[in-house]
Amino acid sequence: MIRIFLTGYMGAGKTTLGKALARELHIPFIDLDWYIEERFHKTIGELFSELGEASFSELEKNMLHEVGEFEDVVISTGGGAPCFFDNMEYMNRVGTTVFLDVDPKVLFSRLRVAKQQRPILQGKKDDELLDFIVQALEKRAPFYRQANYIYCADKLEDRSQIETSVQQLRKLLNLHIAS
C-alpha cells in the first residue's frame, strides 16, 4: 500500500510533481485543495473568507483525515496544512511524507507569475513578495522539516526536469512500479 503526502510552500511543485509521480506509479493523485473545493462547491479563497483561518484549518484537517484513509494514492496538501493541529504527526503515522524544499528565490520566480491566481499574494511588489515568502518559510520550516523525507524541488521547469525529479523521488522513497 502506498500513501504519499507531498508538503511544501505554495509554488513548491506539489501538484506538478504529485501528478507526475502518481502517473508513474499508476495510482490516483489527490490535491487536497481541489478535493475540498469539489466537496464544498466553493473555492479555497471563498471558504477561507467565510470561515476564517481557525475554522478553515479545522475543515482542512477533517478533509486531510478523510483522504488519509485512501490507499495507493499520492496526496498534495495545502501549503499550510502541515502547520496546524497534529497534521504532520497524522500524515507521518498513516503514510510517507515528503517536504518539497525550494529555494525562496525559485519560489519567488514561480509565484511572481502566478500572483493573480493567489489572493494572498495579489498587490505585493517584488520585494514585498520575496520578504513574504522568506518569512512564511521561516514560520513553517519546523513543521515541514518533520517530514519523513526532504526533497529539493528547485528544478521542475520543464518535462525533462519533472521526469528526472520523479525518478529521483522513486529512488529516494524506494518505490517500484507494480506490474
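Modeller: Happy to! Helix α1 (residues 14-25) packs against helix α7 (residues 159-173) at an angle of about 65 degrees, and their axes are 10 Å apart. That makes α1 roughly perpendicular to α7, a label that covers 65 to 115 degrees, with under 35 counted as roughly parallel, over 145 as roughly antiparallel and the rest as oblique.

Colleague: Which residues make the contact between α1 and α7?

Modeller: From α1 they are T16, L17, A20, L21, E24 and L25, and from α7 they are I162, E163, S165, V166, Q167, L169 and R170. Contact here means heavy atoms within 4.5 Å. By class, the contact of α1 with α7 has seven nonpolar, three polar and three charged residues.

Colleague: What should I know about the model and the numbering?

Modeller: This is a predicted model, where local features need pLDDT of at least 70 and side-chain atom pairs count only at pLDDT 80 or more, while totals for chains, interfaces and linings use all residues. Residues are numbered from 1 along each chain as its sequence is written, and side-chain values use heavy atoms, with hydrogens and water left out.

Colleague: Thanks. Is the crossing of α1 and α7 left-handed or right-handed?

Modeller: The crossing of α1 and α7 is right-handed.

Colleague: What about α3 and α4, at what angle do they pack?

Modeller: Helix α3 (residues 44-67) and helix α4 (residues 87-94) pack at an angle of about 0 degrees, with axes 11 Å apart. The two are therefore roughly parallel to each other. On the α3 side K61, L64 and H65 meet N87, Y90 and M91 of α4. That contact divides into three nonpolar, two polar and one charged residue.

Colleague: Changing topic: what volume does the largest pocket have?

Modeller: The largest pocket has a volume of about 1400 Å³. A pocket is an open set of points on a 1 Å grid over the protein atoms alone, with protein on both sides within 12 Å along at least five of seven lines, and lining residues have an atom within 4 Å of a point; a cavity is a set of points where a 1.4 Å probe fits but cannot get out.

Colleague: And how many residues line the largest pocket?

Modeller: There are 42, of which M10, D33, G79, R118 and I120 lie nearest its centre. The largest share of that lining, seven residues, comes from α3. By class, the lining of the largest pocket has 17 nonpolar, 14 polar and 11 charged residues.

Colleague: Where is the second largest pocket, in terms of its lining residues?

Modeller: The second largest pocket is lined by T16, K19, A20, R23, E24, R159, I162, E163 and V166. The elements giving two or more residues to that lining are α1 and α7, and α1 gives the most, with five. Its volume is about 160 Å³, and its lining divides into three nonpolar, one polar and five charged residues.

Colleague: Nice. How many cavities of 30 Å³ or more does the structure hold?

Modeller: The structure holds one, and the largest cavity has a volume of about 40 Å³. The largest cavity is lined by Y9, A12, F99, L100, D101, V102, L107 and L137. Strand β4 (residues 96-101) supplies the largest share of that lining, three residues.

Notes. Axes are lines fitted to C-alpha atoms, for helices over the stretch in contact, and angles run from 0 to 180 degrees between N-to-C directions. Helices (H or I, at least four residues) and strands (E, at least two) are DSSP runs, numbered from the N terminus. A crossing is left-handed if the near helix is turned anticlockwise from the far one by less than a right angle, and right-handed if clockwise. Ala, Val, Leu, Ile, Met, Phe, Trp, Tyr, Cys and Pro count as nonpolar, Asp, Glu, Lys and Arg as charged, and the others, Gly among them, as polar. Grid points are joined across faces, edges and corners, and a volume is the space filled by probe spheres set on the points.
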